[in-house]
There are 2 protein chains.
Amino acid sequence: MPRQATGRKKEAILDAAVVEIASHGYHGTTVAMIARRAGVADGTIYLYFAGKEEILVSLFDRAMDRFTERGTDELAGLDDPVARLMRIIDLHLELVGGDRDLAIITQVELRHSLHFLDQLSRARVGGYLQAIAGVIAEGQAAGVWRRDLEPMFLAKAVFGVLDEMATDWVLSRRNTRLAARGDAVTRFVMGALRPTA
Amino acid sequence: MPRQATGRKKEAILDAAVVEIASHGYHGTTVAMIARRAGVADGTIYLYFAGKEEILVSLFDRAMDRFTERGTDELAGLDDPVARLMRIIDLHLELVGGDRDLAIITQVELRHSLHFLDQLSRARVGGYLQAIAGVIAEGQAAGVWRRDLEPMFLAKAVFGVLDEMATDWVLSRRNTRLAARGDAVTRFVMGALRPTA
DNA sequence: TGGTCATTAATGAATGACCATTCATCAACA
DNA sequence: TGTTGATGAATGGTCATTCATTAATGACCA
């Protein structure tokens, strides 16, 4: 059989997994289905992944890597905490809303077991929350945002709003763009962060 | 074998299912495990439920029934939209935080497939969101809350905050009470709903 | 240049474990 | 004695994973 550039098949397997898992769910997708769509033999999957579950982990890692990379780029030039947070909100919705199949996986399939969610949450989402909390703390220090609530609490609240919008969008059948909700989310969040009278 | 009052075994099976599914996940729990804990034979499960998945649906229905009943009671005496929304926030956190095993199921296990989440979401959570949106619309009409955002959007945002707090609590290992976050959530939400300057 | 050979990616049929569901049988009741 | 709730061993189907086999490649040598 022909040799392939090493990265090729791994990517092909991940791409196939996104499509299959998005439409049949993680447990409804067999390794054979993924192999078939990727154009490889069942056994080949095991040359690149230790098992079925590692495919799901890799999927999440790949998505988070892209997410983080893009975020770092986009925020590089912004100093103002208000501008930074607004950018985070728009970017979150834009990136999640950019690929419906992937969104189904991040919003639904990845959350299917306590052990799994716990692992992911701690590993990657925790860092994201820290980043948001950092921006909020800056805004508090600058005196533009309320200080009677902890930055980490506020970060979780903001994330909760974004995550709910994303999940709602995934479940809605109507053909809307998730990013279109950026303006409303921003208004809501900025309102919540205003200093109290 | 002795006859039981009809409801008894069904309840016992559901109670057993909560414990098993909370600790092993839905797919990691076998029907035999549930039967064993409930003190019935494997086959008995099928006298009360059409299949394994119906157990999960029934679990959610039972929880939502209790939730709704309690909510209706508690809100009966309150007219002021502000008081009503504050009560909803506290109640949500109190009820979800009252039973960790059940919380694991509502926050994690019930969301394991698009088809499933979609079904539940439309059937029961949709009604809950409508109720919150109704309270918000009242407050807007009374002039105490901002009117530049739709009631349903605001209801989803508030739900997102509550849901994130609940999930975060389920995943956290520290021994905190979920209801303790009611005050901070209320301050956040009330801040977000204030009329814009 | 052309002909071995060793190496390694890739294959896919076979394996074995797991588990939801069924149903022949049992035992308590009226 | 007929009815019915309950039992739990047996069944059948489904897959994740393995591994003996195949084939492409490059190294080496004449």
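The bend at a residue is the angle between axes fitted to the seven residues ending there and the seven starting there. The legends below describe a predicted model, in which local features need pLDDT of at least 70 and side-chain atom pairs count only at pLDDT 80 or more, whereas totals for chains, interfaces and linings use all residues. Residues are numbered from 1 along each chain as its sequence is written, chains are lettered from A and ligands numbered from 1 in the order in which they are written, and side-chain values use heavy atoms, with hydrogens and water left out.

**Figure 1. Helix 7 of chain B and its bend at Ser121(B).** Helices (H or I, at least four residues) and strands (E, at least two) are DSSP runs, numbered from the N terminus. Helix 7 of chain B covers residues 114-141. At Ser121(B) this helix bends by about 45°. Gly143(B) follows helix 7 of chain B and has a positive phi, near 85°.

**Figure 2. Overall architecture of chain A.** Chain A contains nine helices and zero strands, and its elements run α-α-α-α-α-α-α-α-α from the N terminus on. The C-alpha trace of chain A spans about 70 × 35 × 30 Å along its principal axes. Chain A is divided into domain 1 (1-49) and domain 2 (52-193); domain bounds come from an automatic or database domain assignment. The C-alpha centres of the two domains of chain A lie 28 Å apart.

**Figure 3. The interface of domain 1 and domain 2 of chain A.** Between them, the two domains of chain A bury about 1,500 Å², 69% of it on carbon and sulfur atoms. Buried area is the accessible area (1.4 Å probe) that two parts lose on being put together, summed over both. Val18(A), Tyr26(A) and Phe49(A) supply 41% of the area that domain 1 of chain A buries against domain 2 of chain A, more than any other three residues.

Figure 4. Arg62(A) and Glu11(A) meet through their side chains in a salt bridge (2.7 Å, N to O). On the side of domain 1 of chain A that touches domain 2 of chain A, helix 1 (6-24), helix 2 (31-38) and helix 3 (42-48) each supply at least two residues. Helix 1 of chain A gives the most to that side, with eight residues.

**Figure 5. The contact between chain B and chain A.** Chain B and chain A each contribute 41 residues to the contact, where contact means heavy atoms within 4.5 Å. The area buried between the two chains is about 3,700 Å², of which carbon and sulfur atoms give 63%. Leu114(B), Leu171(B) and Phe188(B) supply 18% of the area that chain B buries against chain A, more than any other three residues.

**Figure 6. Salt bridges between chain B and chain A.** Side chains of opposite charge can pair when their charged atoms come close. Lys156(A) and Asp168(B) form a salt bridge through their side chains (2.9 Å, N to O). This pair crosses between chains, from helix 8 (residues 151-171) of chain A to helix 8 of chain B. Arg187(A) also forms a salt bridge with Asp148(B), the closest N and O atoms being 3.0 Å apart.

Conventions. A salt bridge is a side-chain nitrogen of Lys or Arg within 4 Å of a carboxyl oxygen of Asp or Glu.
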